[in-house]
Structures are given as C-alpha cells and as structure tokens.
Amino acid sequence: MKWLPKFLIVFLLVPLSISITGCQRTENPLGRKTTHVFSPSYLHKQADAAYADEKKKNPQSANVVQQALVQRVGQRLIAIAKRDYPQHCQGFNWEVNLFEKPKIVNAYCMPGGKIAFYTGILPICRNEAGVAAVMGHEICHALLRHGSERVTRSMVVNALVIGAAIGLGSSKMQENNRKAVMAAIGLGSQVGLILPFSRNHESEADRMGLELMAKAGYEPAEAPEIWVRMSKQSGGQAPPEFLSTHPSNQSRIAELISLQPGAQAHYKVAPNKYGKGEDMRF
Ligand SMILES: [Zn+2]
C-alpha cells in the first residue's frame with residue numbers, strides 16, 4: 001500500500017495544477033462547454049510539424065482532375081467555416097492535400113486546419129458532394145476542438161495511471177503525453193496509440209459537418225450515402241482505418257437522415273449550388 005499516498009497526491013495535484021496553469025474552459029460552436037489543457041496555438045504548431053512530415057513521406061496524387069476536385073471542395077468548405085465560425089478558426093493556417101495512398105481509406109483535418117485526403121477514400125466519396133460530406137465532418141472535428149479535448153482527457157488519465165504505477169518515473173509519463181498529443185492531432189496509428197473520438201464527438205461532427213456541406217452548396221442527402229457505402233465496403237471483414245476510429249452503424253445513418261430537413265433548409269439558401277457535383281473518375 002506504499003503507492004497509495006503517492007497516488008492520492010497525483011489524484012489531487014493534477015486537477016489542481018491544471019486549473020492553476022491556465023486550463024481553458026470554452027464553449028464550442030454547438031454551445032457545449034469544453035476544457036482544454038493546451039492552447040490552440042501550441043496544438044497548431046505540433047500539428048503543422050506533423051503535417052509537414054506527412055507531406056515529406058507521402059507522394060501527392062498525380063491525378064490532376066481528382067486533385068482539382070478535392071481542392072475546390074476544400075476551398076468552398078473553408079470559405080463557409082471562415083464566414084460562419086470566424087472565432088473558432090482563429091489562427092488556422094488552412095491547407096488541403098490529396099495523397100497517393102490507394103489502400104488507405106482515411107481523411108483528417110488537424111487542429112489548425114491542415115487537411116489530408118488519401119486516394120483510398122475517393123471511391124467511397126464517389127462524387128464532389130461525397131468529398132464535401134467527409135471533409136465537412138473532419139473540418140468540424142477541428143472547429144469543435146475535439147482533438148484538443150481528447151488530449152486533455154488522456155493527459156489527465158495518464159497522469160493518474162502513471163502516478164499510481166510506482167517506479168515508472170516522469171520520462172515514461174512524458175512519453176505517454178507525447179503520444180497523446182500525436183494521437184490528438186490525428187497521427188495516433190503511427191505512434192501506436194489510437195484514441196478514438198467518442199460517440200458524442202462523432203455525432204457533433206456529423207451534425208455540424210452536414211450543415212457545413214449544405215451551406216457550401218453540396219447536396220446534403222449524399223452524406224448518409226457515404227456511410228452506406230462505407231459499411232458495404234467493410235462487409236464482414238475488419239473495418240478500414242477510417243471506420244475503426246469512426247464507429248459507423250445504422251443509427252448514425254438514421255441520424256444523418258433525420259437531420260436532412262434542417263440541412264436542406266441551409267442548402268436551399270446557399271448562394272451557390274453544386275448538387276452532387278462532378279463524379280469521381282478513375
Ligand atoms: Zn469523425
């Protein structure tokens with residue numbers, strides 16, 4: 001029982017020190033109160049460095065038509081994010097890249113607005129509206145600061161767990177915290193630690209992402225179709241990477257369908273309408 005006092009000290013000190021050292025409490029764009037250990041600028045810096053690495057490691061897609069399609073969807077969504085959520089994208093340094101990774105079904109937007117699409121997700125997107133649905137969802141994770149919330153939660157958990165495990169020392173804790181930061185900015189699988197977004201985060205990103213794509217002029221009815229195609233692709237097999245961190249199920253599809261009336265209202269008044277846009281050509 002020698003460890004118990006140490007555990008109690010950590011248990012009490014972690015929340016205390018976080019509250020003293022400027023833990024931020026803010027409201028996200030959907031009105032939910034959230035807590036953050038790190039400032040946006042700190043996480044943006046980490047994310048930008050990780051993204052620069054991604055660009056060095058991964059070749060760009062050589063398909064100029066697909067590149068142009070992904071870029072223009074990105075620019076249209078970013079324009080709406082800047083227009084409607086100026087405070088929440090403060091300090092963002094937006095960038096969109098389509099990487100040649102045909103076997104990887106994945107896409108992400110890091111804190112600070114660095115967006116990556118892998119070519120492996122394009123068949124599931126199928127058309128511009130499909131790209132807008134996936135990208136809108138990912139952008140909204142960043143606007144909602146879900147990664148930042150995730151790292152806050154895992155750092156507190158790490159501190160408690162490590163504090164309880166005597167003899168591991170601070171270097172181990174730092175290593176775990178570093179992994180948590182990497183995971184939060186979207187590189188979890190590469191550092192051997194996956195922290196899935198919670199169901200609530202997914203639901204928030206679905207709701208806000210649907211609105212974002214509709215405001216940008218893309219047919220919101222395409223959003224639930226993505227998840228139908230995604231489920232079909234995974235079949236009875238192990239889910240693709242994108243799915244493993246994005247639990248997909250019938251209730252998610254049903255929710256996206258139930259949100260259609262609100263999304264259609266935004267689509268109706270969108271200044272430009274592109275419908276489903278161009279089909280993806282392979
Ligand atoms: Zn998600």
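The dialogue below moves from the whole chain to single residues.

Modeller: This is a predicted model, in which local features need pLDDT of at least 70, side-chain atom pairs count only at pLDDT 80 or more, and totals for chains, interfaces and linings use all residues. Residues are numbered from 1 along each chain as its sequence is written.

Biologist: What pLDDT does the chain average?

Modeller: pLDDT is the predictor's confidence in each residue, from 0 to 100. The chain averages 83, and 73% of the residues score at least 70. Over residues 187-194, pLDDT stays under 50.

Biologist: How many helices and strands are in the chain?

Modeller: Helices (H or I, at least four residues) and strands (E, at least two) are DSSP runs, numbered from the N terminus. The chain has 12 helices and 5 strands.

Biologist: How do the strands pair?

Modeller: Two strands pair if DSSP finds at least two bridges between them. Strand 1 (residues 24-27) and strand 2 (residues 33-36) pair in the antiparallel sense over 4 bridges. Gln24 has His36 of strand 2 as its bridge partner. These two strands form a hairpin with 5 residues between them, and Gly31 in the turn has a positive phi of about 90°.

Biologist: Which strands form the open sheet, and in what order?

Modeller: In a regular strand the side chains alternate between the two faces of the sheet. Here 3 strands form an open sheet in the order 3-5-4, with mixed pairing. Strand 3 and strand 4 stand at the edges with a single partner strand each, so one side of each is left without a neighbour in the sheet. Strand 3 and strand 5 (residues 114-118) pair in the parallel sense over 5 bridges, and Phe99 stands opposite Tyr118 in strand 5.

Biologist: At what angle do helix 5 and helix 9 pack?

Modeller: Axes are lines fitted to C-alpha atoms, for helices over the stretch in contact, and angles run from 0 to 180 degrees between N-to-C directions. Helix 5 and helix 9 (residues 222-234) pack at about 85°, with their axes 9 Å apart. Angles under 35 degrees count as roughly parallel, over 145 as roughly antiparallel, 65 to 115 as roughly perpendicular and the rest as oblique; helix 5 and helix 9 are therefore roughly perpendicular to each other. Residues making the contact include Ala133 of helix 5 and Ala223 of helix 9. Two residues are in contact if their C-beta atoms, placed from the backbone, lie within 7 Å.

Biologist: What share of the residues count as buried, and which have the most contacts inside the largest nonpolar core?

Modeller: A residue is buried if 20 or more other C-beta atoms lie within 10 Å of its own, exposed if 12 or fewer, and partly exposed in between, with C-beta atoms placed from the backbone. Of the 282 residues, 39% count as buried. A nonpolar core is a set of buried Ala, Val, Leu, Ile, Met, Phe, Trp, Tyr and Cys residues joined through C-beta atoms within 7 Å. The largest one has 58 residues, and those with the most contacts inside it are Leu77, Ile121, Ala132, Met135, Ile139, Leu212 and Met213. Helix 5 (residues 128-143) gives the largest share of this core, 10 residues.

Biologist: Is Arg145 buried or partly exposed?

Modeller: Arg145 counts as buried because it has 23 C-beta neighbours inside 10 Å. Arg145 lies in the loop between helix 5 and helix 6 (146-164), and has a positive phi of about 55° although it is not a glycine. Arg126, by contrast, counts as partly exposed because it has 16 such neighbours inside 10 Å.
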